[in-house]
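Subject: Structure for you to look at

Hello,

Here is the structure I promised to pass on. Please open it first, then read my notes below.

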Amino acid sequence: MAKKTNSKINGKEYYRIRKVIGHKSDGKKILKNFYGESKKEAEQKATEYLNNIQNGLVINFDNFTISDLMQSWLFDFLHNSSKIKPSTFQRYEGLYRNYIKDSQISGSKLINIKSIQLQKFYNSLYDKGYSYSQINTLNTFLKVFFNWCIDNDYILKNPCSKVNIKGNKTEIINNERKEVEILSEEEIKIIKDYLKGSNFELLFLLDLASGLRQGELLALDWDHIDLKNKIIKIEKSVKEVYIYEDETHKHIESIFQTPKTLNSFRDVPLPDVIIGMLNKIALKKGLLFKDIEGKPLKGKNVSTEWSKILKKCNITHKKFHSIRHTYASILLQKGVDIETVAELMGHSAISITQIYLHSSQKSKSKSVNKLNSILN
């Protein structure tokens with residue numbers, strides 16, 4: 001038997017009931033709608049809400065602005081929650097503080113927010129020079145927030161679902177390609193010679209031989225190094241993040257967390273040269289790369305030292321992440337299929353790995369042009 005409904009929103013049918021939840025100062029009734037897939041479910045929601053009012057458990061979220069409720073969502077619900085990583089909370093807090101807190105939509109009441117308001121907000125950001133990628137990231141964040149609002153019956157639909165973001169995905173691809181910095185064979189040789197016998201030598205060569213993300217590299221310990229089978233197991237990453245005591249107080253900590261994506265859990269084979277270097281290390285215990293206190297090296301310190309090395313070697317500055325890019329590019333240049341490279345890199349999709357084809361193609365074209373002397 002079909003369930004009886006009496007209202008329709010966005011093509012979905014609901015049963016709606018209205019209840020008096022209070023009175024205004026002028027004596028007028030305050031009415032609230034409750035929706036369910038059946039009359040019984042709507043009645044249950046109404047009863048629960050009214051009981052919570054009597055017990056002092058309900059705040060009237062109808063009057064909350066987006067900024068107010070988002071701050072409550074962040075610090076009352078997500079703060080120190082096991083459901084998200086500290087690095088994710090840091091990113092969310094940064095998006096709230098930089099994009100929402102003092103924006104043109106911050107004072108809008110949650111129950112009144114419409115797609116058109118978000119559309120105008122995004123358009124204004126684009127006109128100010130924000131990229132498609134930045135606005136898309138913000139929209140993804142807002143989708144998460146509004147979905148939480150829906151789950152808690154504060155709104156019925158997500159206003160992010162109907163917006164269009166100016167620009168296009170080609171921007172993302174082009175920006176990623178611009179950021180793909182590759183070390184040449186000559187630069188690799190210069191760096192290797194400079195680092196010979198130094199503490200940074202193994203760090204550089206291991207990353208060049210494995211393509212690990214910086215956090216994965218610095219989290220590597222001997223429990224995850226299999227010298228016999230010549231592989232390293234990637235199961236964690238380390239990162240410096242802000243830990244928030246509350247809305248106004250925070251401090252930086254190095255924390256271990258699971259890798260970036262499910263595909264980031266992987267086994268990476270190592271060349272014999274690296275296995276030979278690892279075998280020479282006497283104390284095979286704890287972190288492979290650590291400071292004098294036995295703690296993981298800080299990513300920013302590694303990046304600073306890397307910049308100094310490039311400067312000493314008279315090489316144009318490239319991010320430490322360029323070592324990972326170089327690993328992928330070399331494998332592709334050597335004919336390794338893209339599916340294998342994606343798996344070794346821990347990419348969630350081959351489309352991510354394809355950005356390295358652009359760089360390797362340049363190198364191939366350069367090599368092929370050496371035939372000009374023969375052909376002429």
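A residue counts as buried under 20% relative accessible area, as exposed over 50%, and as partly exposed in between (1.4 Å probe, protein chains only). This is a predicted model: local features need pLDDT of at least 70, side-chain atom pairs count only at pLDDT 80 or more, and totals for chains, interfaces and linings use all residues. Residues are numbered from 1 along each chain as its sequence is written, and side-chain values use heavy atoms, without hydrogens and water.

**Two loop residues**

Lys230 lies in the loop between β4 (225-226) and β5 (231-234). Its phi is positive, about 60 degrees, although Lys230 is not a glycine. Lys230 is partly exposed, at 34% relative accessible area.

Asn314 sits in the loop between α11 (299-312) and α12 (322-333). Asn314 is not a glycine either, yet has a positive phi of about 60 degrees. Its relative accessibility is 73%, so Asn314 counts as exposed.

Helices (H or I, at least four residues) and strands (E, at least two) are DSSP runs, numbered from the N terminus.

**A helix pair**

How do α7 and α11 pack? Helix α7 (residues 185-195) and α11 have axes 10 Å apart, at an angle of about 105 degrees. Axes are lines fitted to C-alpha atoms, for helices over the stretch in contact, and angles run from 0 to 180 degrees between N-to-C directions. Angles under 35 degrees count as roughly parallel, over 145 as roughly antiparallel, 65 to 115 as roughly perpendicular and the rest as oblique. So α7 and α11 are roughly perpendicular.

Ile191, Tyr194 and Leu195 in α7 meet Trp306, Ile309, Leu310 and Lys312 in α11. Contact means heavy atoms within 4.5 Å.

Best wishes
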